[in-house]
Amino acid sequence: MPALALTDHDNLCGAVKFSAQAQKAGIKPIQGVEVTLENGHHLTLLARNPEGYRNLCRMLTAAHLEHPRRHPRVSLRNLKKHSDGLIALSGCRRGEIPYHLLRGNYSRAYRAALTYLDIWEPRDFYLEMQDSYLPGNVQLNANLQQLARKLGVGLVATNNVHYTSPDDFMVHDVLSCIRTLTRVDGVHPDRPLNAENYLKTPQEMELLFREYPEALENTWRIAERCEPALDLGAPHFPNFDLPPGQKAEPLFRELVYQGAYRRYGRISATLRERLEHELTIINTLGYTDYFLVVWDIVKYARSQGIRHAGRGSAANSAVAYCLGLTEVDAMERGLLFERFMSLERGEKPDIDLDFDARCRDQVAEYVYRKYGRDRVASVCTYNTFRARSALRDIGKALGLPAAELDGLAKRLPHIHADQIKKVLPRLPELRDSGLDRKKFELLLDLCEKVAGFPRFLGTHLGGLVISREPLNELTPLQQAAKGMVITQFDKEDVEDLGLIKLDLLSLRTMSAVEDAVASIRRNGGSLDYDRIPLDDPETYRLINSGKTIGVFQLESPAQRSLQARLGACVMEDVVASMALIRPGPIKGNMVEPYIARRQGLEPVTYLHPVLEPILAKTYGVILFQEQVIEIATAVANFSPGEADKLRRVMTHARSHKAMEEIGEVFVTKAVANGFDPELARTIFSCIAGYASYGFCEGHAAAFATTSFKTAYLLRHYPAEFYAAVLSNQPMGYYPPRIICGEARRRGIKILPPHINLSGENFEPIRNPPSIRISLSQVKGLSRNGLKSILENRPFTSLTDLVIRSDLNVTELENLIKCGALEVFDQNRRRLLALLPGCLQRKKDYVQGEEALFSPSGDEKLEIPDFSPLEKHHLESEILGIPTGEHFMARLRNELAARGFTSVAELSAQPEGKWIKLAGLLFRPHRPPTRSGRVTVFMSLEDEFGLVDVTVFEDVYQRYGECIFSPQTGPLVVEGFLQRRGNLETIIAKRVKRLQL
């Protein structure tokens, strides 16, 4: 089969991958699409050449953007406007011509054909024949032949392929049921009637259409006429709007050197050599305009006072640092530019910019406005079937009980859909779930088959593409669920297509920093965040204590445990910790050797003296991707670009054979460079062991700067920092209730929301140190309701609030239940009892049935208030944050009498002591481990804080159901106390629910 056409319905999403894979297999790829016309009929279009492909993109863009979302329609006007370079086929049984022929309406079919012949020449329009053994097929094809002769057009035999082999019919049918919201025992016209829509062989097609040899011959003629429609090597980088008479490269150089003088004061010979090296590579690869565009975006953000930070491998560039795109000094750190860009690799630069989450859309709007809405779009993502989504969607199509499906899906870990069968017998929370294995066998088989299949198009979190020409000539555009225009290609495809993705990301940490700095200044401080000293000893003491909940990238249990042992005292330690706590380094046993060497408990050794300057700052441990590049350069004499190619191949290698081949190349070149063969193999084994999970040092350094500065804010301005973190949820690892618990443990009081004092955000108060909960934290309070409160307060009574605000009954009830109206009456139950009367009075007044009385106060009814425990539950439900006593504090006397230890008492206990502790469970999870055995990490919280708990495989197998089932109360953990640096953890031996 020398050629193959891909004609998906109303999209070209598969075009780029199809083109690459077909060419790799030696097959000519023909790009096409089956469009839906405004009359609901289908039409198949094939691109004869690049102009035809561009017209498909233009036509599909109009079909999607000019009609309601998910209902694209191609108008006759757009068919005529964008017909050049296309071959049209009359379509399947839902095509206009076959549709009328099947119903015996020959004259309407004839008129429809004339309409298409008015658009295309006879040599570019074919009547399409299919034979899927459906009723009426024989007569339909005979009528098509008769019509073709009358019109003087050709016939073509096609196959209407939807899957590879007949065995895939069931999967296709179930996916059709999911798409049409139909059960398998139901009926829908879009469901296939048989298993004939598979990819048939040429021999099968010849047999099917033996009576129509000209239709078979025309398939070859069409294939011969179709040229490659996609040029995947052509660049479509954005153009920077230059001042009159200015050229890009001189302007770029000027801006870089201006920035270098600002950053360094003077330009040394070494710096000039580095800048010239980078400028040469950037200009040679044609990315000058792209860098100017990114510089322009950052300049705009700075002019608007929008907090931002650059990260990713761009931090390895001195040019990026001089342009202000990152805050990492690549020269000072000795970072390799070739990790970012190189002539040998020739890949597109990856520049990630984080912005205050509230202003990211403002920055994106500037890009649309400056560079043209027809040249800028968001990148799509292909949301694929994973375990939980496959289980729910397929189970629903099979008609299985929703309650059973939901219970099982909630217990599944976040895994691929084809792993469900493997984990069912291994995970106790699934093994004992009451699942009828025989009943669910078909479901699990189908889940396995759809693993990784696309479910729907989503929107990339921050990826934008900017093109020098209209984007609808390169990719179809459509509307996403949230309204923005997206490409039909994901981030890999747009880059293969010759576009560059620019990540403009929303980072709530930037928002929290901005809010914290503003609060500090309102409270009389004069902090300059950009000048926070990175050598502040008190901040390092905080980091070393492990009490860094809320700090960017340093708050997870694993990071807090690492910091408590590492003893960081310089920024290099913080940078290293960014790379250490990742799944790969943990599996590769990098953490323990690094800590031991850092603390002098283990000697720092090197396999060869040439490795010492490369690995000295990481104590002889290969930790960063840049080190892989430098080792390959120093040992095997690779060029920096070749070395990065080696790193990338190893990173994505999936076979032992591929690794062996790469290793032989390395060893051969190392031997030629004077290294002993055995030593060369040993060095390569170290590289291979670390390369697949090495971390980019520039990225780690960018993150580390933000980490340290947020730790500084927590140490010196805890109320302002935690208020800012709480105002920008969700963010980070911990929910608001735990953040508030940490604030209390630092002596900061958490004040309940107040109808007259609380604002839209959490408000820090300096004296006494406290944080008032925001009104926006109240569950169910709408934006309009919040606006009504802020515009009309102060209020003097419940009646006053009801009459002068636009709050509905649910909003008023929730404000009462969470304590926001205690300024009117401490008795929340009494306020609830008075509410219906207040609402009726307002209604009567609005209807003119009652004069408005003076809303000065409310009645006093003798009603008992909610108990403290009831108030606790109400606040937890409505605010997510109890403002009073912690739930565990109410149980403390009883727990102490029963021999339970509190978190506060752990520091006084000897290591290895048997501990019995009760608390609220937080985030049990099972990260990958080096051994492959399941290890659960979780936390228990009481009124004194959090303690991290480790549950190894044997204990997990006994108590996993208790850990991962829905939590209805405190959990009890019994085990041995382990002290790691400044933090205590518990190695669990028993886990059970607390019996109250």
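1. In this predicted model, three strands make up an open sheet in the order 14-16-15, with mixed pairing. Strands are DSSP runs of E with at least two residues, numbered from the N terminus, and two of them pair if DSSP finds at least two bridges between them. Strand 14 (749–751) and strand 15 (763–765) are the edge strands, each pairing on one side only.

2. Strands of a sheet pair through backbone hydrogen bonds, either parallel or antiparallel. Strand 15 and strand 16 (residues 770–772) are antiparallel and share three bridges. Isoleucine 765 has serine 770, in strand 16, as its bridge partner.

3. The protein contains 42 helices and 21 strands; helices are DSSP runs of H or I with at least four residues. The radius of gyration, taken over C-alpha atoms, is 33 Å, close to the 30 Å that the globule rule gives for 996 residues, so the protein is as compact as a globular protein of that length. That rule is 2.2 Å times the number of residues to the power 0.38.

4. Of the 996 residues, 55% count as buried, meaning under 20% relative accessible area with a 1.4 Å probe, protein chains only. Among contacts (heavy atoms within 4.5 Å) between residues at least 6 apart in sequence, 70% join residues at least 24 apart.

5. Residues are numbered from 1 along each chain as its sequence is written, and side-chain values use heavy atoms, leaving out hydrogens and water. Local features need pLDDT of at least 70 and side-chain atom pairs count only at pLDDT 80 or more, whereas totals for chains, interfaces and linings use all residues.

Technical notes. Buried < 20%, exposed > 50% of the residue type's maximum accessible area, 1.4 Å probe, protein only.
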